[in-house]
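Visitor: Please show me the model, and then I will ask about its parts one at a time.

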Amino acid sequence: MIRKWHYIPLTLRQQKEAEALSRHCGDNDAVAELLLRRDVHEPKDADGFFAPSIDDLHDPFLMQDMDKAVNRLNQAMGTKQRIMVYGDYDVDGTTAVALVYKYLQNYYSNIEYYIPTRYEEGYGVSRKSIDYAASVGMKLIIVLDCGIKAIDEIAYAKSRGIDFIICDHHMPDEELPPAVAILNPKMPGSTYPCQHLSGCGVGFKFMQAFAQSNGLTNHGELHGLLDLVAVSIAADLVPIVGENRVMAYHGLRRLNSNPNLGLRSIIRICKLTNKDITISDVIFKIGPRINASGRMQSGIEAVDLLVTRDLHDAYEKGANIDQYNRDRKELDKRITDEANELIERNVSIIEGKRSIVICNHDWHKGIIGIVASRLTELYYKPAVVLTATEGMATGSARSVQGFDIYAGVNSARHLLENFGGHTYAVGLTLKEENVPEFARLFEHYVSEHILPSQLEPQIEIDAQITFSQITPEFIAYLRKFNPFGPGNQKPVFITKNVFDFGTSKLVGKNMEHIKLELEDNSTSRVINAIAFNMAPYFEHIHAHKPIDICYTIEHSKHPSRGDSVQLMVRDIRLSGK
């Protein structure tokens with residue numbers, strides 16, 4: 001259970017803004033507070049937040065180098081040059097490749113796609129891929145979700161008569177690759193309004209600019225690919241604000257109404273057909289299956305699935321990818337258990353430290369990013385997990401909320417052969433002999449820069465409400481806050497002085513959960529709730545003593561029971577404590 005609840009009451013200025021927002025939202029003070037927490041201050045902005053318009057997408061030519069990229073693509077197509085669409089093997093990369101390939105295929109046939117193998121070629125642009133491209137007469141490579149650090153590789157490609165257009169969203173270095181154009185909202189001096197696009201999002205903006213430059217007015221062809229962008233936004237955990245919110249909103253609508261055939265097969269496998277698919281479903285069900293292809297076998301199989309035009313083929317490929325995911329889960333569990341055992345046997349790995357760095361020769365390269373995430377969640381420290389072979393260590397770093405792990409890895413860059421990523425996730429390669437020194441320097445940087453509050457999990461509270469405020473109108477407004485994700489998490493509420501109605505009970509295999517029926521003094525209504533792994537509070541609750549709860553509100557519709565509201569309790573405190 002998480003003990004730290006973080007709630008900041010509205011300032012006097014915010015209270016004045018909340019009054020206007022509340023009037024605009026049916027005199028609902030809690031909705032007004034939720035909007036202010038999401039940086040929505042004006043009633044007119046609330047309307048755009050609740051119903052994002054596709055017209056709110058930014059002009060793609062606001063992105064640096066976009067005119068160069070479009071001109072080079074138009075030239076390639078006009079002179080019938082061979083084009084390769086190249087991308088990373090994760091969800092963001094494979095959805096980006098599928099999107100650009102599918103869209104350009106509507107207008108051009110001399111095009112193919114390429115995904116490097118994780119185990120033979122590694123992350124990013126490989127020499128093997130360039131040699132292949134040269135051997136089949138490629139003249140232009142559009143690289144997606146990688147490439148921003150491929151200085152030597154792109155120089156090599158240039159020497160072989162191949163141009164590159166880079167579409168990336170990872171942090172650039174001072175030295176940039178010699179590409180014809182670099183599309184990246186994180187470029188130095190960039191004024192593009194949405195800095196945190198996914199790699200697939202950058203690819204979408206490129207295709208939007210291509211359509212504009214050629215007067216292509218069938219917007220349905222492009223907007224119909226937003227389901228791929230929504231999947232990338234969810235899987236890559238980019239902030240769902242601004243333009244990302246617009247694309248995620250409309251992409252989810254597409255995912256729920258008429259998804260890509262490949263995604264449809266994954267939706268069926270996940271048993272999400274005819275259900276309201278959310279960002280959470282993409283993060284925990286759809287995304288991991290697409291990712292499993294690149295982790296366990298080859299990311300190109302994920303692209304094959306996402307571009308297929310045959311439903312039977314989609315179901316067949318989806319079943320293969322689902323098997324990869326089952327294999328991935330087994331490996332994930334085994335390696336996570338081994339990592340925890342390693343830490344328990346060698347407490348010096350974490351004792352007195354603010355970071356974790358571990359390495360093992362036997363760990364599967366495709367799984368260590370997941371293991372790093374698991375360790376970060378368990379120990380609440382930035383974690384780097386490495387596997388080594390033939391004297392080289394390759395790994396992934398994951399961060400806690402608010403700490404820039406890219407800067408931490410960058411502090412030891414002189415020890416690294418290669419690295420890249422962003423604030424919360426980094427991939428890196430170094431000589432195995434340098435791992436101890438890297439661990440020392442990384443720990444030094446983390447100790448110097450991480451805040452104590454970032455080393456303990458806390459729950460960010462949006463508003464304090466009473467049960468009387470949980471009305472059908474309030475629930476209807478909560479649904480408008482979708483899609484939820486980074487930058488717009490599902491609202492968390494506090495209600496104080498809550499009592500057991502007298503019917504709460506322990507449930508679960510080991511009676512570790514509490515199924516609650518609660519009331520407070522604001523209404524006679526009884527509210528259903530579930531508190532997982534909180535059995536130690538049961539005696540206090542059963543004795544009809546008051547508690548404070550923090551929770552999210554889950555709403556569903558049942559054909560037989562109608563609307564249903566249940567509180568998902570995140571933590572419990574004894575009232576007055």
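Visitor: In which loop does Asp-65 lie?
Guide: This is a predicted model, in which local features need pLDDT of at least 70 and side-chain atom pairs count only at pLDDT 80 or more, while totals for chains, interfaces and linings use all residues. Residues are numbered from 1 along each chain as its sequence is written, and side-chain values use heavy atoms, with hydrogens and water left out. Helices (H or I, at least four residues) and strands (E, at least two) are DSSP runs, numbered from the N terminus. On that numbering, Asp-65 lies in the loop between H3 and helix H4 (66-78).

Visitor: Is Asp-65 buried or exposed?
Guide: Buried means under 20% relative accessible area, exposed over 50%, and partly exposed in between (1.4 Å probe, protein chains only). Because its relative accessibility is 17%, Asp-65 counts as buried.

Visitor: Which backbone nitrogen lies 2.9 Å from a polar atom of the Asp-65 side chain?
Guide: Contact means heavy atoms within 4.5 Å. Leaving out residues up to four places away in sequence, Asp-65 touches Ala-181, Ile-182 and Leu-183. The backbone nitrogen at 2.9 Å from the side chain belongs to Ile-182.

Visitor: What is the strand order of the open sheet whose pairing is parallel?
Guide: Strands of a sheet pair through backbone hydrogen bonds, either parallel or antiparallel. Two strands pair if DSSP finds at least two bridges between them. The edge strands here, each pairing on one side only, are S3 and strand S6 (181-183). The order of the 5 strands is S3-S2-S4-S5-S6.

Visitor: Which residue of S3 is the bridge partner of Tyr-86?
Guide: Strand S2 (residues 82-87) and S3 run parallel and are joined by 4 bridges. Both faces of S3 (residues 111-114) are covered, with Ile-111 and Tyr-113 buried on one side and Glu-112 and Tyr-114 buried on the other. The partner of Tyr-86 is Tyr-114.

Visitor: Which residue of S5 is the bridge partner of Val-143?
Guide: Strand S4 (residues 138-144) and strand S5 (residues 163-167) run parallel, with 5 bridges between them. The partner of Val-143 is Ile-166.

Visitor: Which residue of S9 is the bridge partner of Ala-388?
Guide: Another open sheet has 5 strands in the order S7-S8-S9-S11-S10, with mixed pairing. Its edge strands are strand S7 (356-360) and strand S10 (416-421). Strand S8 (residues 383-389) and strand S9 (residues 392-398) run antiparallel and are joined by 7 bridges. The partner of Ala-388 is Ala-393.

Visitor: Which helices do the buried residues of H1 pack against?
Guide: Helix H1 (residues 12-24) has 13 residues and reaches 19 Å from first to last C-alpha, close to the expected 18 Å. The expected span is 1.5 Å times one less than the number of residues. In H1, Glu-17, Ala-18, Leu-21 and Ser-22 are buried. The buried residues of H1 pack against helix H2 (29-37) and helix H3 (43-50).

Visitor: Why does Met-207 count as buried, and which residues is Met-207 in contact with?
Guide: Met-207 lies in helix H8 (residues 199-213). Met-207 counts as buried because its relative accessibility is 0%. Leaving aside neighbours within four places in sequence, the residues in contact with Met-207 are Leu-73, Leu-99, Val-100, Tyr-103, Leu-104 and Leu-222.

Note on methods: Polar contact = N/O pair within 3.5 Å; in protein donor to acceptor, adjacent residues only side chain to side chain.
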